[in-house]
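Reader: I am new to this structure. Can we walk through it in short steps?

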Amino acid sequence: MPTPTKGHRLGGSPAHERHILANLATALFQHGRIITTEAKARRLRPVAERLITFAKRGDLHARRHVLTVVTDQGVVHQLFTEIAPEFSERDGGYTRITKIGPRKGDNAAMAVIELVRGEPVAAKPRRRTRRAEARPAAAAAAATATAIAQPEAAPDEAPEAAAPDEAAELDESTEVDDRAEAAEADEADDSAEVDDRAEADEADEADDSAEVDDSAEADEADEADDGAEVDDSAEVDDRAEVDDGAEADSAEADDSAEAGVSGGAGDAHPGEAKIVDEADAERDQDA
């Protein structure tokens, strides 16, 4: 879709504007130049140049497209056979607008729009093209200056010129070798990393098994300690029971001994008392 134009519309409606521009383009192609207002000339210029571009193609589709705008077949034939071939070497800028001052009566700005025909094309090359052309020219100038400054050294410089080529080949081979060595080094590093990872895994497994063995030994040691404590407690209980029995036996023996002593004393004292009494009785009789 074309970009909408700025400013007021020509005529009263869009269709009226299209008809105005078509009539102006027909007159331009028929006469080569027309005088109109500056506003109409500025609006006519892109329309006319687009029709000329279609005419440069020259095919049937382009002709039919131009006929939708310019309905005069004679003007279209003139456009395709006379005007378009003159602009075959030009990429754009087919028209020119020249201001001629205000119009009498309404003081409207007037201009002349015309086709640029019969003028040589002075198109400047692109910046990249100019740079590309300047580099070989500069290199040729430098080579010419070197040849003039050293005319006798030219034959001797041939081997020297070949030497850089050999050096370049050696550099390329060296680079290839360096790349191969770098690739081998990378592979060796990768294999070393894989070996280190495998060793690390084995070490982890060994540590895990050692931890399991240590835990088993610790459990066995705890069980042995528990058994030893049970044995010690049983021995202590046995010893306490033996000591208690011995103490009970010794107490019974002491009790029996005391009983025997006390019994003997009771038996002796009455006898002695009897003897004393008899002795006293005999004394009394004697007396």
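Author: We start with a term. Axes are lines fitted to C-alpha atoms, for helices over the stretch in contact, and angles run from 0 to 180 degrees between N-to-C directions. Keep in mind that this is a predicted model.

Reader: At about what angle to strand 1 does helix 1 run?
Author: Helix 1 covers residues 14–31. Helix 1 lies across strand 1, strand 2 and strand 3. Relative to strand 1, the helix runs at about 145°.

Reader: How many helices and strands does the protein chain have?
Author: From the N terminus on, the order of elements is α-β-α-α-α-β-β-α-α. That comes to 6 helices and 3 strands.

Reader: In what order do the strands form the sheet?
Author: The sheet is open and its pairing is antiparallel. Strand 1 and strand 2 (95–102) are the edge strands, since each pairs on one side only. Neighbouring strands are turned by 25° against each other on average, direction ignored. The order is 1-3-2.

Reader: Over how many bridges does strand 3 pair with strand 2?
Author: Strand 3 spans residues 109–115 and pairs with strand 1 over 5 bridges. Between strand 2 and strand 3 the pairing is antiparallel, and the count is 7 bridges.

Reader: Which residue in the hairpin turn has a positive phi?
Author: Strand 2 and strand 3 form the hairpin, with 6 residues between them. The phi in question is about 110°. The residue is G105.

Reader: Is T37 buried or exposed?
Author: T37 lies in strand 1, residues 33–37. The cut-off for buried is under 20% relative accessible area. T37 is at 16% relative accessibility, so T37 counts as buried.

Reader: Which residue is the bridge partner of T37 in strand 3?
Author: Leaving out residues up to four places away in sequence, T37 touches R103, A109, M110 and A111. One of these contacts is also the bridge partner: M110.

Reader: Is A111 buried or exposed?
Author: A111 has its place in strand 3. Beyond four places in sequence, A111 is in contact with residues including I34, I35, T36, I97 and I100. Its relative accessibility is 0%, so A111 counts as buried.

Reader: How far apart in space are A111 and T98?
Author: In sequence, A111 and T98 are 13 residues apart. T98 is among the contacts of A111. From C-alpha to C-alpha, the distance is 5.3 Å.

Reader: Over which ring does the charged end of R63 sit?
Author: The charged end of R63 is 4.4 Å from the centre of that ring. The ring belongs to F80.

Reader: What share of the residues in the protein chain is buried?
Author: The protein chain has 287 residues. Of the contacts with a separation of 6 or more, 54% join residues 24 or more positions apart. Buried residues make up 16% of the chain.

Reader: What pLDDT does the protein chain average?
Author: A score of at least 70 is reached by 62% of the residues. The chain average is a pLDDT of 76.

Reader: How many contacts beyond near neighbours in sequence does the stretch 259–268 have?
Author: Residues 153–159 stay under 50 in pLDDT, with 1 contact beyond four places in sequence. Over residues 259–268 the pLDDT is below 50 too. Where pLDDT is low, the predicted coordinates should not be read in detail. For residues 259–268, the count in the model is 0 contacts.

Conventions
Residues are numbered from 1 along each chain as its sequence is written. This is a predicted model: local features need pLDDT of at least 70, side-chain atom pairs count only at pLDDT 80 or more; totals for chains, interfaces and linings use all residues. Side-chain values use heavy atoms; hydrogens and water are left out. Helices (H or I, at least four residues) and strands (E, at least two) are DSSP runs, numbered from the N terminus. Buried means under 20% relative accessible area, exposed over 50%, partly exposed in between (1.4 Å probe, protein chains only). Contact means heavy atoms within 4.5 Å. Two strands pair if DSSP finds at least two bridges between them. pLDDT is the predictor's confidence in each residue, from 0 to 100. A charge sits over a ring if NZ of Lys or CZ of Arg is within 6 Å of the ring centre and within 35 degrees of the ring normal.
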